[in-house]
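Okay, thanks for coming, everyone.

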Amino acid sequence: MKQLVIFDLDGTLLNTTYDIAAATNHALALYGYPTHTPERIKSFVGNGINKLFERALPEGHKDEAEVLRIRAAFIPYYNEHGADFTMPFPGMVELLYTLQRLGVRLAVASNKYQQATEMLISTFFPEIDFCAVFGQRDGVPTKPDPTIVHDICAKAGVSMPDVLYVGDSGVDMQTAINAGVEAVGVTWGCRPRTELAKFSPRWIVDTAEEIFSIASR
């Protein structure tokens with residue numbers, strides 16, 4: 001059995017699409033920019049919120065100053081409303097409980113900003129004892145840079161062969177490759193199976209139960 005399972009957050013543990021879309025559209029509309037459907041915004045997610053806003057802004061308005069202006073409007077709205085429509089994906093709560101009961105260490109590695117990452121984990125998984133909950137932190141490069149995985153492994157005291165990384169995007173699959181850990185791609189998140197397959201993860205799964213089978217080998 002694996003000693004440590006690291007989970008991505010958005011699109012893996014939690015369906016956060018509608019709250020991210022609402023906060024993004026709130027910030028865009030505040031400054032007169034066109035808004036997007038939740039499905040469109042879902043395709044912008046995965047590389048941190050600055051990249052989200054860069055993708056959401058129209059051509060000619062993607063400069064750093066404008067990205068930061070949208071970010072400043074997004075964060076307070078999301079901090080207040082980030083759990084309005086968000087919910088765990090089917091089977092994920094049960095999976096976490098089962099792995100924890102069996103003594104597997106659990107962690108979160110997200111490109112969502114740290115404050116929101118912690119807020120969502122405490123809201124939806126209050127009884128899960130994660131050994132690390134890391135979002136986007138100042139001075140730490142975002143995924144697919146492997147630093148976040150290496151930091152988690154160091155904190156947990158677990159070596160790479162004993163780690164399983166679970167995520168829903170090509171960014172996650174590349175993160176696992178860069179970190180030297182085994183990856184599981186999940187098909188219920190923000191990216192299609194075809195994107196996951198391009199990175200040749202050892203496993204691509206359609207249900208949470210399959211993750212347990214893999215982690216317990």
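**Overall fold**

So, the protein has 10 helices and 8 strands; those are DSSP runs, helices being H or I with at least four residues and strands being E with at least two, numbered from the N terminus. The radius of gyration is 17 Å, close to the 17 Å from the globule rule for 217 residues, so the protein is as compact as a globular protein of that length. That radius is taken over C-alpha atoms, and the rule is 2.2 Å times the number of residues to the power 0.38.

Quick housekeeping. This is a predicted model, so local features need pLDDT of at least 70 and side-chain atom pairs count only at pLDDT 80 or more, while totals for chains, interfaces and linings use all residues. Residues are numbered from 1 along each chain as its sequence is written, and side-chain values use heavy atoms, with hydrogens and water left out.

Along its principal axes, the C-alpha trace spans about 55 × 35 × 30 Å. Of the 217 residues, 51% are buried, and by buried I mean under 20% relative accessible area, with exposed over 50% and partly exposed in between, using a 1.4 Å probe and protein chains only. If you take the contacts with a separation of 6 or more, 66% come from residues 24 or more positions apart; a contact is heavy atoms within 4.5 Å.

**The cores**

Which residues have the most contacts inside the largest nonpolar core? They are Phe7, Leu13 and Phe74, in a core of 54 residues. Helix α4, residues 64–81, gives the most to this core, with 6 residues. A nonpolar core here is a set of buried Ala, Val, Leu, Ile, Met, Phe, Trp, Tyr and Cys residues joined through side-chain atoms within 4.5 Å.

Leaving out residues up to four places away in sequence, Leu13 touches, among others, Phe7, Met87, Phe89, Val108, Ile121 and Phe125. There's also a second, separate core of 21 residues, including Ala107, Cys153, Tyr165 and Val181.

**Rings and charges**

On to the aromatics. The count is 5 aromatic pairs, where rings of Phe, Tyr and Trp (its six-membered ring) pair if their centres lie within 6.5 Å; planes under 30 degrees apart are stacked, over 60 edge-to-face, and the rest tilted. Elsewhere, ring pairs link Phe53, Phe74, Tyr78 and Tyr113 into a cluster.

Two arginines have their charged ends over rings: Arg69 over Tyr31, 3.9 Å from the ring centre, and Arg137 over Phe134, at 4.1 Å. The rule there is NZ of Lys or CZ of Arg within 6 Å of the ring centre and within 35 degrees of the ring normal.

**Loops to look at**

Last stop, the loops. Where is Pro144 found? In the loop between β5 (132–136) and α7 (147–156), and the peptide bond into it from Lys143 is cis, with omega near 20 degrees.

Ser200 is in the loop between α9 (193–197) and β8 (203–205). Its phi is near 50 degrees, positive in a residue other than glycine, and Ser200 is exposed at 61% relative accessible area.

And Asp129, in the loop between α6 (114–124) and β5, is exposed too, at 62%.
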